[in-house]
Amino acid sequence: MTTTPIAHLHEIANPPPDPSHLPDSVLALAVKPAYKDYLSNAQRSSLVKFQHLANYIATAMIFLKSDALLERELVPDDVKFRLLGHFGTCPGLNLIYAHVNRLVVKDDLKIILVVGPGHGAPAILADLWIEDSLAPFIPPYTRDEAGLRKLIKSFSWPGGFPSHINAEVPGSIHEGGELGYSLAVSYGAVMDKPDLIVTCIVGDGESESGPLAAAWNSHKYLDPAESGAVIPILHANGFKISERTIPGTNDDKELIALYSGYGYKVIIVEDLKHIQDELAAALDWSVAEIKKIQTAARSGIPIVKPRWPLIVLRTPKGFSGPKQLDGEPIEGSFHSHQVPLPEAKTNNEQFELLKHWLKSYDVKNLLTAEGKPIPEIEALIPKEPSKRLGQVKETYNGYNPLDLTDWKPFAKEKGTQYSALRAVGEYLDQALVANPHSLRLFSPDELVSNKLDSVFNHTSRDFQWDPLTRAKGGRVTEILSEHCCQGWLQGYTLTGRVGVFPSYEAFLGIIATMMVQYAKFMKMAKETKWRRDIGSLNYIETSTWTRQEHNGFSHQNPAFIGTVIKVKSEAARIYLPPDANCFLSTIRHCLKSKNYVNLMVGSKAPTPVYLSPEEADAHCIAGASVWKFASTDDGIDPDVVLVGIGVEVTFEVIAAASILRKKVPSLRVRVVNVTDLMILQAHGTHPHALTDDGFDSLFTKDKPIHFNYHGYPTELQGLLFGRPNLDRVSIDGYDEEGTTTTPLSMMVLNHTDRWTVAAKAIEAAAKINPLVQINSHVLISGFQHARRKHQSYVVENGHDPDGVFDTPEF
């Protein structure tokens, strides 16, 4: 076996992969349908001309600010000052787009196209203009000469389209700014949509990411009796920004073995000379395989472990572009990845290459006199606008509200103790029954641990490779990949449905950037005006640090709260309901809400039910309230305000208030619980933010305030910034302290325990109440001693003393 010296690889276009050591018998696992003369000459010509026009428009968008249709001799002044966009992926995207259009017209299909390669917007915008899917949403981009000129100039131009696909691009349900999520989003989109196909283009660079690697398993969670299908197309063009890709260095046997092992039936499309016929045959075969699998499932005899179709499309990077520059290859190398001629405006050689390149597409013969695509290209475009890839209704207007019952019949009796998450599971059970095709739970294998298992009263999981859960219409999709759960949730939500993502608190951070990208998509979607409402993204964060004393330090991390805080205020909603009834009120509100990222933080352990259903509803509507039962004289004229935000830390505040009532009767305490975290932001910075008068009504104008907060104290400091008189505020919260210990000891380690809260109250009140001041040193010393004594007790006995979590009495 001979290999090319590394030093010379940059000089070779389309370097072949080294052969693997796998046996040739692996090749038999792939499919090779006959494709010779598969298309008629007319069909082939239409496809080629569609692609030539799309490639021209994409190239012009990257380079030209004027003379968009080459009506005179191009001059350097026609070239944009700043050249942005990625050409390398564009020819492959245009190839696929043209062929998917052919498929829609031929078989009358409903298809959404999801584009994984990050900066492929020039291609997709060109295709959308050709099929007239821009103007219906953005009127200036008409399918005529004027609209095309505007499109070409406005790409990567201030006020125009960005270089990656985002919510401004019709037909998109995937934010292209961060790689790795396209495939999971695609599978989420087809769940409970039996007639929908998503064609997902996976970039070969993107395929190297962890989220994408996990997402190849998504078909195992797809019930073909009730859901649509995904046609993954791995676009293996060999290079990323300055390096070869892993699929580009895999030979056919390695790719076939890999994806066959995932459970796919692989077809490789790579003969560039016959690429039109080969890809057409591959797509037709893919649809036939999908129909075969779906027909069997919908006839009650599902195929066990069906092998779903997967296309590997090998094309040169940047094909149809410049071949060479300065002795180095452009086409078929990383040099074509972004802008193949980066100095076209100032370098004469590159400018001449650009002119030759643009002329090679012969754009004048691809457009009519009015600037529309010629009839031969029009033949590929679905006549019904709703079938065009940019106008499928599910991509922009698919939302239908859930049918939700009142939560109060599920409420728990005030004064008892009950797990909030168990109560939520009971409510979700009924919600799933009432919404069998528009509500799902996506969970990283923790539903039973998180006490949500009541949902299994009427549904099951939907893991299709497990005989216990196969073909049962399960509403629970569990996989040990937070990335997959998030991607599925996004695809499901963006196509009109509603999902819930419960997770251990410490591990939601795994999908933090995915959530942020989604929030950016939502922000831009709202600004487009033509996109309609969508259901909110709903997270339930439980198994929190306060009850992770058994799993230890690694399972303690409330940082996801801070990530959501940073999301645009119009979208961010964070709730820390203090008991089961408040959580029930909150979950119903979140399931009915639209266009938000809802984070609900709560405990799965049994905790006191402080409020009746009516009180809980009023409390949640207000976002916070004075808890008179735990306050002195109903909280009137306090010396100090004690605030709990979060389940266990609120319990410690109430326990501290009970201790203080007995030990320091002269101390006047007001206890406040905050369930809607965002009310604390300075007035005007968030839609839920309290007015200054409202803030003072809860926390007084000038009395000391101590916050016992579930998250990191710095988060609360940031939220409160802008409120007046903050020198009276002290905050304790999670302080990165934890081990294998006990629940109350965990609070002690992080200074959120009842004795610390009581000591903070004494310390603050002593400055204004002489009756407290006179005994403050003795009282604070006693509380510190109680903390040390408790820690000694748990070390010796291995558990907290009996009764420490009994509901406090006043």
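**Notes on side-chain contacts and backbone**

1. Asp77 is partly exposed, because its relative accessible area is 48%, where buried means under 20% relative accessible area, exposed over 50%, and partly exposed in between, with a 1.4 Å probe and protein chains only. Asp77 forms a salt bridge with Lys65, and the closest N and O atoms are 3.8 Å apart; a salt bridge here is a side-chain nitrogen of Lys or Arg within 4 Å of a carboxyl oxygen of Asp or Glu. Both residues belong to the loop between helix H1 (41-63) and helix H2 (90-107), 12 residues apart, and Lys65, with a relative accessible area of 19%, is buried.

2. Some words on the source are needed before going further. This is a predicted model, in which local features need pLDDT of at least 70 and side-chain atom pairs count only at pLDDT 80 or more, while totals for chains, interfaces and linings use all residues. Residues are numbered from 1 along each chain as its sequence is written, and side-chain values use heavy atoms, with hydrogens and water left out. Helices (H or I, at least four residues) and strands (E, at least two) are DSSP runs numbered from the N terminus.

3. The structure holds 43 salt bridges, and two further examples may be checked in the model. The side chains of Glu426 and Lys412 meet at 2.8 Å, N to O; because Glu426 lies in helix H12 (residues 420-434) and Lys412 in the loop between H11 and strand E8 (417-419), this pair ties together parts that are 14 residues apart in sequence, and both residues are buried. Asp753 forms a salt bridge with Arg787, with the closest N and O atoms 3.1 Å apart, and this pair links the loop between helix H21 (743-749) and helix H22 (754-765) to helix H24 (residues 776-797), 34 residues apart. Asp753 counts as buried at 0% relative accessibility, and Arg787 also counts as buried, at 16%.

4. Beyond pairs, Asp192, Glu226, Arg440, Asp462 and Arg475 are linked in a network of salt bridges.

5. The count of aromatic pairs comes to 28, where rings of Phe, Tyr and Trp (its six-membered ring) pair if their centres lie within 6.5 Å, and planes under 30 degrees apart count as stacked, over 60 as edge-to-face and the rest as tilted. Among them is the tilted pair of Phe501 and Tyr539, at 5.6 Å centre to centre and 40° between the planes. Phe501 lies in strand E11 (residues 498-504) and Tyr539 in strand E12 (residues 537-542), so the pair ties together parts that are 38 residues apart in sequence; Phe501 and Tyr539 are both buried.

6. Tyr504 and Phe507 form a stacked pair, 6.3 Å centre to centre with 15° between the planes. Tyr504 is buried at a relative accessible area of 11%, whereas Phe507, at 22%, is partly exposed. Elsewhere, Tyr221, Phe442, Phe463, Trp488 and Tyr492 form one aromatic cluster.

7. On the backbone, most residues other than glycine have a negative phi. Asp362, which is not a glycine, has a positive phi of about 55°; Asp362 lies in the loop between helix H10 (348-360) and helix H11 (375-378), and counts as partly exposed at 39% relative accessibility. Lys451 likewise has a positive phi, near 65°, and is found in the loop between strand E9 (439-443) and strand E10 (476-478), where Lys451 counts as partly exposed at 28% relative accessibility.
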